[in-house]
Amino acid sequence: MEIVCVGGGPAALYFAICAKLRKPEYRIRLFERRPEGVTFGWGFGFWDDVLTSLYANDPVSARQIEAATGLWDGIEVQVGDRPTAYLGGYGLSMGRRRLLEILVARARELGVELHFEREVTDLSNDSEFADADLVVASDGINSGVREADQQAFGTAVDTGRNYYLWLGTEKLFGPFQYVFEPTEAGWIWLHCYYLDEHRSTCVVECPPQTWHGLGLGELSPQECLKTLEGIFHRQLDGHRLISQVDEAGTVTGLHGKQVRNARWYRGNVALLGDAAHTTHFSVGSGTRLAIGDAVALAEAVTTHGDDVPAALRAYDATRRPEIDRVQRQALHSMRFLERVPQLLDAPDMDPVQFAYAVSRRLGSRDEKWRYYMHLATQVRLLRTVRHKLTTARRMRRERQRAKSEGCAGPGAAWEPTRESAVQGPGREGTR
C-alpha cells in the first residue's frame, strides 16, 4: 500500500509509526511545510492512560516520551487577593518540540520517508499523490486539504467570544494555577501549568471588553507582555512571559475554535487530528485526541488492507462517538469561561464555590460526594491526605505500565477513560 501524509505533526507521525509497525511493507511518505525541528506551539498535556496507549502501540517511543514527561500536581484557583481555593488531581506534560524529535526519529528508523520544507496545496495537481492508495490529511486546524473541499467534508466551526494568548514563562509552577485578576477594564485570567524543566505554559484569557479596554490588540508584543507581567506580577514572581510571535507589529488575539466535520473522509483522503476536529484549549485535548485518531486509523487500515473505503468507514465509526462527546464537553467549557466575569462580579461570590464551578464546567460529574470531597480539600490536613492517596494511585499506575510493557503489541487500541478524555489544562484529573 502507498500512503501519503500531509503534515508532520504528532498525528501524522504517530499514524505512520503505528502503520509501519503493523505492516512494515507499506510505503509511507510524509510531507511537512516547515523545516525539520521547527514547530509552533508549547507542549502536550495528557494523562496516564495516554502513556498506557503509547506503550501498547510502540514501547520504544513511549519510553522516550515518558522520560521527557513532567508533572503538575494539584490545582489552585486564585481570585484577586482572596484566599486560594484548591482542587485535586494531577496531569502530565512535555514540550512539543521534544515530542516531535522523538516521533521523527522513530518514524525515520522504521522507514517512513520524511520530506520537510514541502508544502502541499493541491492534491489533484501534484504527481506525488497520483499513485497513493491513501492520503492522510493531518495539516492542522487550518488544513489546506480540508479547506479546498469544505462542502464535501461538511466543515463547521464554533468560535468563542473570549480572546486568548498562548504564552510561556520561565517560572516553574508546581500545581496547575487558575489566576483571576480584576483590572480597570474588567477581569483577565491565566491558565498556568508546568511544561518541562525550563518552562511553564501560561494561557491568558479575557472577555472582549477587557481586551479592548486594556488596549492589548494595539500594543507591540513586548508592550503587551510587560502589561500582562504587571497584572500577574504576584504569580510570576518576577519571571518574564515569553511569546512565540515577537516579530509581529501588534498582538493578534486568538479566539477559541471548535472545528467539526460531518465527514472525515472523501474518496481516499482521510482527515486526522486537528484537521478533522478541534476542541477548546481549556480542555487540552488536541494532541491526545490526535494520538487516539492515529492509532484508530492505523488499526483500521491494516485490518481492512486494500479496502480503503471500508477502512475509512471503520475509522470514522470508531472515533466519532468519543470525539463528539469531548467536543460537547469542550463547548460547555468555552461557554462557561465566557460567563466568568458575571460569576466573579456576583455579590455573594465565594472562591471555594467558584472553584467547584470551574471543576464542573464540562457539564458532567454530578455526584454529590464530589462536592463534599471538594469542601474537604480546602482543609490543609485533608488536602494532604488526598494528595498522598493521589500520589499512591499515580505510582501504582506507573508500576502497572512497567509490568505490562511488552505484553501488548501494535494494535492495542486506546479506549480513553472518562477522566482522560477531558484531562488537560483546567480539568481535575482524579477522583
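Which residue in β11 stands opposite Leu190? Val204 does. The structure is a predicted model, in which local features need pLDDT of at least 70, side-chain atom pairs count only at pLDDT 80 or more, and totals for chains, interfaces and linings use all residues. Residues are numbered from 1 along each chain as its sequence is written, and side-chain values use heavy atoms, with hydrogens and water left out.

Strand β10 spans residues 186-194. Strands (E, at least two residues) and helices (H or I, at least four) are DSSP runs, numbered from the N terminus. Strand β10 is mostly covered, as eight of its nine residues are buried. Buried denotes under 20% relative accessible area, exposed over 50%, and partly exposed the range in between (1.4 Å probe, protein chains only). Pairing of two strands requires at least two DSSP bridges between them. Strand β9 (residues 176-183) runs antiparallel to β10, and seven bridges join the two. Pro182 stands opposite Trp187 in β10. The hairpin from β9 to β10 passes through two residues. Strand β11 (residues 200-206) is also antiparallel to β10, with six bridges between them. Here the hairpin has five residues between β10 and β11.

Salt bridges were assigned by distance: a side-chain nitrogen of Lys or Arg must lie within 4 Å of a carboxyl oxygen of Asp or Glu. This rule gives a count of 24 salt bridges. In helix α8 (residues 221-231), Lys226 and Glu229 are three residues apart, about one turn of the helix. Their closest N and O atoms are 3.9 Å apart, and they form a salt bridge. Lys226 is exposed, at a relative accessible area of 61%. Glu229, in contrast, is buried, at 15%.

Helix α11 (residues 308-338) holds Arg320 and Asp316, which are four residues apart, or about one helical turn. The two form a salt bridge, with the closest N and O atoms at 2.9 Å. Both Arg320 and Asp316 are buried. Glu338 and Arg335 also lie in helix α11, three residues apart, about one turn of the helix. Their side chains meet in a salt bridge at 3.2 Å, N to O. Glu338 has 12% relative accessibility and is therefore buried. Arg335 is partly exposed, with a relative accessible area of 32%. Elsewhere, salt bridges with shared partners join Glu2, Arg27, Arg29 and Glu113 into one network.

Glu117 is not a glycine, yet its phi is positive, at about 55 degrees. Glu117 lies in the loop between β6 (113-116) and β7 (134-137). At 61% relative accessibility, Glu117 is exposed. Asp237, not a glycine either, has a positive phi of about 55 degrees. Its place is the loop between α9 (233-236) and β12 (241-242).

Asp131, Asp133, Asp306 and Asp307 form a negative surface patch. Patches are made of residues with over 30% relative accessible area and no salt bridge; like charges are joined within 9 Å, and nonpolar side chains (Val, Leu, Ile, Met, Phe, Trp, Tyr) within 5 Å. Asp and Glu count as negative, Lys and Arg as positive, while His and the chain ends are not counted. Asp306 lies in the loop between α10 (286-304) and α11. Asp306 is exposed, with a relative accessible area of 74%.

Conventions
Accessible areas come from the Shrake-Rupley method with a 1.4 Å probe; for residues, only the protein chains shown count as cover. The place of a charge is taken as NZ of Lys, CZ of Arg, CG of Asp or CD of Glu.
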